[in-house]
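The following explanation is intended to be read alongside the sequence and the coordinates. Please keep both in view while reading.

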Amino acid sequence: MTVQTSKKYKIAPEIKIFRNTRSGTYSFKDIFVGFEKLEVVRGIFGEKTSQFLSKLKVEVFPREGYMGVSDEDGHIFASQYYISQGELWSVYLDTIHELVHVRQFKEGKNLFDPAFSYVDRPTEIEAYQTGAREARRIGLTDEEIFEYLEVPWITKAEHIRLAKKCDLLIDDLSLKNNKR
Ligand SMILES: [Zn+2]
């Protein structure tokens, strides 16, 4: 028997993510349903949230990976494996993170500015801060958010720096992390 150990986070019931989708290009709203109603998303795009999301495309690609935003036209791309098999709360928070980048791209910001390392890039900090606030709202603890921020391409020192920028109570967390 499979035991579902992950606890239930407070993701609004009107939110639906069609996780078992084939690879291809879709309208954002066809895969990520209801996001235009979220306060956090309305905070990203403002009054025209719904119209903006109606025009947004999602490219589901048939390889391992996560999610990202194209620096050519600002569409979202998402690994088919990740959106089908990743933890729902993680896919949900990553979607919000990428929506911040979608708006930044529209504003003409350089999402991959080489003048900054990943965790120091202002566009990443805004996206992670927005994601961390939403993570708290749906019920993740600071420790869980800290784990969420740990991605394979950053060092431990960068991980802690990023957590501090997201206002996590880092002193306790980094000690726990050291014991692993
Ligand atoms: Zn990002």
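The model is a predicted one, in which local features need pLDDT of at least 70 and side-chain atom pairs count only at pLDDT 80 or more, while totals for chains, interfaces and linings use all residues. Residues are numbered from 1 along each chain as its sequence is written.

The chain contains nine helices and six strands; helices (H or I, at least four residues) and strands (E, at least two) are DSSP runs, numbered from the N terminus. Its C-alpha trace spans about 50 × 45 × 30 Å along the principal axes. A compact globule of 180 residues would have a radius of gyration near 16 Å, and the chain agrees because its own value is 16 Å. This radius is taken over C-alpha atoms, and the globule rule is 2.2 Å times the number of residues to the power 0.38. Of the 180 residues, 29% are buried; a residue is buried if 20 or more other C-beta atoms lie within 10 Å of its own, exposed if 12 or fewer, and partly exposed in between, with C-beta atoms placed from the backbone. Among contacts with a separation of 6 or more, 56% link residues 24 or more positions apart, where contact requires C-beta atoms, placed from the backbone, to lie within 7 Å.

Helix α5 covers residues 88-106, and its 19 residues reach 27 Å from first C-alpha to last, close to the expected 27 Å. The expected span is 1.5 Å times one less than the number of residues. Helix α5 is mostly covered, with 15 of its 19 residues buried. Just after α5, G108 adopts a positive phi of about 90°.

Which residues of α5 meet α6? They are L93, I96, H97, V100, H101 and Q104, and their partners in α6 are T123, E126, A127, Y128, T130, G131, E134 and A135.

Helix α6 has 16 residues and reaches 23 Å, close to the 22 Å expected. Its buried residues, including T123, A127 and T130, pack against α2 (39-45), α5, α7 (142-148) and α8. G139 follows α6 and has a positive phi near 110°.

Within α2 lies I44, which counts as buried because it has 20 C-beta neighbours inside 10 Å. Beyond its neighbours within four places in sequence, I44 is in contact with L99, V100, R103 and T130. I44 and R103 are 59 residues apart in sequence and 7.1 Å apart in space, C-alpha to C-alpha.

Two loop residues complete the account. F112, in the loop between α5 and α6, is exposed because it has 12 other C-beta atoms within 10 Å. D167, in the loop between α8 (156-165) and α9 (170-178), is partly exposed, with 13 C-beta neighbours inside 10 Å. Most residues other than glycine have a negative phi. The phi of D167, however, is positive, near 60°.

Notes
Two residues are in contact if their C-beta atoms, placed from the backbone, lie within 7 Å.
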